[in-house]
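Hi,

Here is the structure I promised to pass on. Have a look at it first, and my notes follow below.

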Amino acid sequence: MTDDVFVAAQKVMPGGVSSPVRAFGAVGGTPVFAASASGAYVTGHDGREYLDLVGSWGPALLGHGHPEVVEAVQQAASRGLSFGAPTTGETELAQLIIDRVSGIEKVRFTSTGTEATMTAIRLARGVTGRDAIIKFAGCYHGHSDGLLAQAGSGVATAGLPGSAGVTTGAAGDTIVVPYNDLEAVQAVFDTRGGDIAAVITEAAAANMGVVPPDAGFNQGLHRITKANGALLIQDEVLTGFRVSDAGWWGLEGREEGWTPDIYCFGKVTGGGMPLAALGGSAQIMDHLAPVGPVYQAGTLSGNPLAVAAGKATLSLADGGVYSHIDSLADQLAQITTTHLADAGVPHRLQRAGSLLSVFWGEDVVAAPVKNYGQAQRQDTTMFTRFFHAMLDQGILLPPSAFEAWFLSAAHTRSDMDRLDEAISVAVTKVSGQ
Ligand SMILES: *Cc1c(COP(=O)(O)O)cnc(C)c1O
């Protein structure tokens, strides 16, 4: 039955999907077509219920369809779907963001994380008058031309160096260096310092599997960019308001006493609706039109339904939510490593706050995975077998070894017991006998 819907979808959409990783290309088989979702559970088109660790790839911090978020969206919808005029809700959501994170005085809303990072790059170029940017191999910043070089997420899953259709011009202004390698960054600045508008990085890398920044790495980027008149863009589209009340910055920059020049947010910030944002000092942000010369716009930017979902989500995401998710992540990590070790499966589980993922196989056992080259040494066929053994037991994991597992405030202790049971079975299928 589900096969039929996939066949029908593939007839009218490339791969049958609106975003590549959803197609299960890396793990094979038929994707789960979602019919509804509530709390920690997704119900498939065929009526089967799954315990969900995808969380819409991050936004579902409170669980799916939180009643107060849905209510806020319904109320907003009853007042009109889109106006193309400013609303007071945007001011309120901007203020909620500003209150959580230091270094932001002004915010621009977009509909997707891709637009937020793309705009951040253009803004950095407009502010500095320089062309080149530095990004890290394995970091994903959405699908704009200049940021697809050696990107993580779906590009990593498909094993591609980048994307067809990106001009050499667009790619040529992007300098790619290994993640967690401050010396490589310094070396680029030593030779081309005057050309570099910005360094963009995931605040904690989680699109090549979870690869946390080494202690001092982000702070080092802050120091090097400052010394060279370049901007530091921290992409917190995934980590923002997920790993703490103030995102990854709340776990690191807040302690160390520094802020990036531009932050990008998405996912949790829109509470499951299409909304993302970038923010920074007024001095930087006022380079954006209509105040400044850097153009950026969007018919649906700051959409009132998305703003309502974002406001409700951030208002509900209090300390209790983060400590609950942190303790679930501790428990899931413990369960997973214990069963994998008991079954003799070579692996390495990595964490960045409440985000976690497993790297598979002998080649990742010796030392922590610190960059994309090391992440790519994992044996994804082991993950594929694990993934399907979990799916057979009604557990939905992200269908790629290069993606983080997402928990939510709606996951419970009894969900953890179910995961414990399922993982104890799945680890016995990994070796493929
Ligand atoms: C998801 C993601 C993006 C892109 O956001 P979209 O809303 O999918 O365009 C950018 N950066 C990071 C770190 C992400 O995880």
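Just after helix α8 (residues 217–227), G229 takes a positive phi of about 70 degrees. Helices here are DSSP runs of H or I with at least four residues, strands are runs of E with at least two, and both are numbered from the N terminus. The model is a predicted one, so to speak of local features we need pLDDT of at least 70, and side-chain atom pairs count only at pLDDT 80 or more, while totals for chains, interfaces and linings use all residues. Residues are numbered from 1 along each chain as its sequence is written, and side-chain values use heavy atoms, with hydrogens and water left out.

Within α8, the buried residues are F217, N218, G220, L221, H222, I224 and T225. Buried means under 20% relative accessible area, exposed over 50%, and partly exposed in between, with a 1.4 Å probe and protein chains only. Their cover includes β5 (132–136), α7 (182–192), β7 (196–202), β8 (231–236) and α9 (247–251), where contact means heavy atoms within 4.5 Å.

F24 lies in the loop between α1 (2–12) and β1 (34–38) and is buried, at 5% relative accessible area. F241 sits in the loop between β8 and α9 and is buried too, at 0% relative accessibility. Most residues other than glycine have a negative phi, and most peptide bonds are trans. The peptide bond from A289 to P290 is cis, with omega near 10 degrees; P290 belongs to the loop between α11 (282–285) and α12.

Leaving out residues up to four places away in sequence, I97 touches I104, V107, F109, F241, F265, T269, A277 and L314.

I97 also takes part where α3 meets α12, alongside residues including G89, E90 and L93 from α3, with V307, G310, K311, L314 and S315 on the α12 side.

Finally, T110, in strand β4 (residues 106–110), is buried, with a relative accessible area of 0%. Its neighbours include E115, L275 and Q296.

Best wishes
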